[in-house]
Amino acid sequence: MQSQQIEFLNDLVNTPGVSGYEQQVQQVVRDYAESFCDTMTTDLHGNLVLCKNPDADVRLMLAGHADQIGLIVSFIDDEGFIYTQTVGGWDPQQLIGQRMTVWSSSGPIPGVIARKAIHLLEGSEKKTVVKASDLWVDIGSQSRAETEQRVQIGDPITLQLGLQMLMNNRATGPAMDNRTGVWVVVEALRRSAALNPRCGFYAVTTVQEEVGLRGARTAAHSINPHIGIAVDVTHATDCPTITKYQNGSISLGGGPVVVRGPNINPEVNARLKRIAAENDIPFQQKALGRAAPNDSNALQVTRDGVAAGILAIPNRYMHSAVETICLDDLEHAADLLAKFAASVKDEKCFIPKIDQ
Ligand SMILES: [Zn+2]
């Protein structure tokens, strides 16, 4: 990965974007993509739409959701501790002992989430699974008034952000779900320039995926694409305790994951695999027997129907402080999608046929 592209990823993962509060992330994308798209628009929900060839007859939309799971401030108690609601799907056990950041209108405020020490836990408490509603954020304040000077109801909170490189080109940190997908759709657009795609190429960094695919739904209605591919993370299964029987064999660094199942148009699936094979791009395969829990679900049932696909980035420890990905998978995903865009000329090819 070139230094400018690593810097872009680093900026993306160091910028907060709890669902509904994504505009700082979108600004990072605007600054990066300004020079290589024909149009750049932001809609009422905050979806950012980057486009090449807006006047083309056939439209391809890539969706990488810009939001991340987080918390929002719901209550401040007399001692100045902050109580929260969760935004998106949390395992509350992942929150205990974490450094957090409250993103207030006056700037970031560091805090922590913990629970009382093991020495103080009584019998049954040691076995209790903690609920998020039992946890509080401690910013060091000594009173409600002191907290209220800086924190407002509804302020978003994230895990302490940051990207840490590991061995073998792997990287870890919060929000790999789905800043990696944002990186891939924007990079695919940038890389496609050299291939002169004829389709209208829309790279969309969608909002509010983690709370019900809400941004993709309205963005897809507006763009009215023929083909729509969601780029999101999927569970890597190459670490202890995860069964491959249902989740498939997915490795970090094994290449982006091409998904197949009822949510996926057969030609999108076949074409992704064909183009990867022709260009020596490594890829992995995964089955999904239900409507997808990501933007491809909304894409598929937009208007008269969209030929939907999923290209996924393998991720260990999803929705935690240490989500772990391999940079090689991002590179290969961006290359594959740039070449896919160059191959799109006629939407009729995507009508399902008997031999697929
Ligand atoms: Zn995601």
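The structure is a predicted model, in which local features need pLDDT of at least 70 and side-chain atom pairs count only at pLDDT 80 or more, while totals for chains, interfaces and linings use all residues. Residues are numbered from 1 along each chain as its sequence is written.

The axes of α1 (residues 3-13) and α4 (residues 176-192) cross at roughly 140° and come within 9 Å. Such axes are lines fitted to C-alpha atoms, for helices over the stretch in contact, with angles running from 0 to 180 degrees between N-to-C directions. Helices (H or I, at least four residues) and strands (E, at least two) are DSSP runs, numbered from the N terminus. On the α1 side, the contact is made by Q5, F8, L9, L12 and V13, and on the α4 side by R179, V182, W183 and E187; two residues are in contact if their C-beta atoms, placed from the backbone, lie within 7 Å.

Helix α4 also contains N178. The peptide bond that leads from D177 to N178 is cis, with omega near 15°.

The protein as a whole is divided into domain 1 (3-68 + 174-350) and domain 2 (70-159), with bounds that come from an automatic or database domain assignment. Their C-alpha centres lie 32 Å apart. Across the boundary, 11 residues of domain 1 are in contact with 13 residues of domain 2.

The largest nonpolar core holds 97 residues, of which L62, V184, A188, Y202, A203, L311 and L337 touch the most other members. A nonpolar core is a set of buried Ala, Val, Leu, Ile, Met, Phe, Trp, Tyr and Cys residues joined through C-beta atoms within 7 Å. A residue is buried if 20 or more other C-beta atoms lie within 10 Å of its own, exposed if 12 or fewer, and partly exposed in between, with C-beta atoms placed from the backbone. Beyond its neighbours within four places in sequence, L311 is in contact with residues including I229, V231, P256 and V258.

Two loop residues deserve attention. L213, in the loop between β12 (200-206) and α5 (214-223), has a positive phi of about 55° although it is not a glycine. L213 is buried, with 22 other C-beta atoms within 10 Å. N169, in the loop between β10 (164-165) and β11 (170-173), has a phi near 65°, but N169 is partly exposed, with 16 other C-beta atoms within 10 Å.
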